[in-house]
Amino acid sequence: MSHPSQPSIRLTTAQALVRFLSAQYTERDGERHRLIAGTWGIFGHGNVAGIGQALVEYGELMPYHQGRNEQAMVHAAVGHARQCDRLSAQAVTTSIGPGATNLVTGAALATINRLPVLLLPGDYFATRAADPLLQQLEHPVEFDVSVNDALRPVSRYFDRIARPEALIPSALNAARVLADPAETGAVTLALPQDVQAEAYDWPAEFFAERIWPVRRPAPDPAELTEAVRAVRAARRPLIVAGGGVHHSRAEQALRSLVDATGIPVASTQAGKGALRWDHPQDVGGIGHTGTAVADALARTADLVIGVGTRYTDFTTASHTLFQHPGVRFLNLNITAFDAHKLAARTVVADARAALQALAGPLAGHRVDPSYEAEYRAGKERWERVVEAAYRADDEDAVPTQTQVLGALDQVVGDDDVVINAAGSLPGDLHKLWRARSPRQYHLEYGYSCMGYEIPAAVGVQQAAPDTVVWALVGDGTYLMMPTEIVTAVQERLPVNLVLIQNHGYASIGGLSEAVGGERFGTAYRYRAADGTFTGAPLPVDLAANAASLGMEVLRAKTVRELRAALATARAGDRPACVYVETDPAPTAPPAEAWWDVPVAETAGRRAALRAREEYERQAADRRRHL
């Protein structure tokens, strides 16, 4: 109960939560954003009478979006948050049971990628008035456990609101974590369905407008001094730009620093676009899916400057990439956890603040002209590789996957957003895509979750309604989660889907072949009576499926038709799908660095034995950076 001297408002817990969320804002650099811009929901028992009723009650305060799949709703919210540089998020409400557990994959994706999303799953009766409930997991020795506890390890903050008054500190903590650039990720408030509907006298000030400042912590002077000393001493420095550059809006600060110093910049999947592709210091993607020039520089760099990166195994080529005998690392990161990776010197600070702080002490310092000439020549050679992969000598031929990217490259505008997450496309895009603006390249590769692309496109389109949005998906990803096509149609969001059909899991098929798995289980083929698979592809028409869900479908059989279809889709004002069957022959440049996927140490099949020999040869280059 509120204090007698405080004015109070009697509401249900769910109503109070919706009102509270509608009054929360973030602010950075003088720009204010709604912390929770809207709520996605699929209703069932556990949220229909609580949060559902509250969203009706306060519909003018909290926009509602109807989803088709709980995991997809989280992906849409994550796409929205990334497009908004984490300054605005969305909430997702579900019923108890399978609706709640369907959130787990999306929550893991959000937390791994450090992107904010608020999850509001229904939960069992706090009073145990009805027990057991429909869909209730009964744990025989831990009776307070519910299926929502599966969300604990994938959430940055978790609470179960067992009493109305418990919402006050928990909601404040939830908002704090969502707005904190160092702590953000999935936030879960599990809401027992009886508590959602329970009335309480809430302090009126709980619903007052509240602003959560998004900090830009400055570097520690001692750390900054050591960082400057390290950069000045390096002969072959290399910057690795990660997603933190974008989240901090540090692109201009990065450009100013490298313009002055001549230090080349390679990018992770999350950091691509930190520099425009044609900037002289941009050498492209790094690591297993990186460019030849970036990986060659990484192998010989004596100082690697990580800016806002987590250094995943794709970036480090499973710790085989950075081979200079005396290589050292300098990490600029807002989290100490990431800054200390690879035994680095650290600058624990906001990316933009750190880059700006470095610029002054490094004034007048520039890398050796021979180093500049080396990486610029490498960049020129790589651009010829890109041109060859994009080029179609026969406009009337069936396109390859890289020619699909080349056709799209000719059609997109500088501010279009291109979204992808899984399959063979991330590797091709990281090597080949020419990012023209900071938000254009939207790759979810922290979790590399099949099914992310279409719902994420919906979230991005909501965040940037005047932006042209492209979701690039293969047939495998499409079959995972096409459901939010219906949402795009319902919300009148003109997302563009490029659906590439090659009749199987092409990426994992190639990996299977490389590690001795002989492409087992990776093609879509008929099963014969003897259990083997025939060579004929399945008669599955994914374009017809997309059309049945409400999309305008444009079929393209040749490079010429593809380019025309992409242009038509871009000019349209409704959800559109460009469907193309591709030549399955791989045309992307091969990997320039290794990725550690352990191979069977003993086997009776020749393919596995050969793969093990290659594995041991590559693994010999792995090192610990201490």
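## Basis

The model is predicted, so local features need pLDDT of at least 70 and side-chain atom pairs count only at pLDDT 80 or more, while totals for chains, interfaces and linings use all residues. Residues are numbered from 1 along each chain as its sequence is written, and side-chain values use heavy atoms, with hydrogens and water left out.

Helices (H or I, at least four residues) and strands (E, at least two) are DSSP runs, numbered from the N terminus. Strand β10 spans residues 199-203. Of its 5 residues, 4 are buried, so the rest of the structure largely encloses β10. Buried means under 20% relative accessible area, exposed over 50%, and partly exposed in between (1.4 Å probe, protein chains only).

β10 pairs with strand β1 (residues 8-12) in the antiparallel sense, over 5 bridges. Pairing requires at least two DSSP bridges between the strands. Leu11 has Tyr200 of β10 as its bridge partner.

## A nonpolar surface patch

Phe43, Val48 and Tyr64 make up a nonpolar patch on the surface. Together they have about 250 Å² of accessible area (Shrake-Rupley method, 1.4 Å probe; for residues, only the protein chains shown count as cover). Patch residues have over 30% relative accessible area and no salt bridge; like charges are joined within 9 Å, and nonpolar side chains (Val, Leu, Ile, Met, Phe, Trp, Tyr) within 5 Å.

Val48 sits in the loop between β4 (36-41) and α2 (51-57). Its relative accessibility is 47%, so Val48 counts as partly exposed.

## Salt bridges

A salt bridge is a side-chain nitrogen of Lys or Arg within 4 Å of a carboxyl oxygen of Asp or Glu. The count by this rule is 40. Arg32 and Glu27 meet in one of them, at 3.8 Å from N to O. Both are partly exposed: Arg32 at 43% relative accessibility, Glu27 at 29%.

Arg216 and Asp29 form another, with the closest N and O atoms 2.8 Å apart. Arg216 lies in the loop between β11 (210-213) and α8 (221-233), and Asp29 in the loop between β2 (24-28) and β3 (31-34), so the pair ties together parts 187 residues apart in sequence. Asp414 pairs with Arg276, the closest N and O atoms being 3.5 Å apart. Asp414 is in the loop between α16 (401-411) and β18 (417-420), and Arg276 in the loop between β13 (265-267) and β14 (282-285), so this pair links parts 138 residues apart in sequence. A network of salt bridges joins Glu31, Asp85, Arg249, Glu251 and Arg439.

## Nonpolar cores

A nonpolar core is a set of buried Ala, Val, Leu, Ile, Met, Phe, Trp, Tyr and Cys residues joined through side-chain atoms within 4.5 Å. The largest has 85 residues; among those with the most contacts inside it are Leu254, Trp433 and Trp470. Helix α15 (residues 369-390) supplies the largest share of this core, 6 residues. Apart from it lies another core, of 47 residues, including Ala77 and Cys577.

Contact means heavy atoms within 4.5 Å. Leaving aside neighbours within four places in sequence, Trp470 is in contact with residues including Leu408, Val418, Asn496, Leu566 and Arg570.

## His365

His365 lies in the loop between α14 (351-359) and α15. At 12% relative accessible area, His365 is buried. Not counting residues up to four places away in sequence, His365 touches Val231, Arg232, Ala260 and Thr261.
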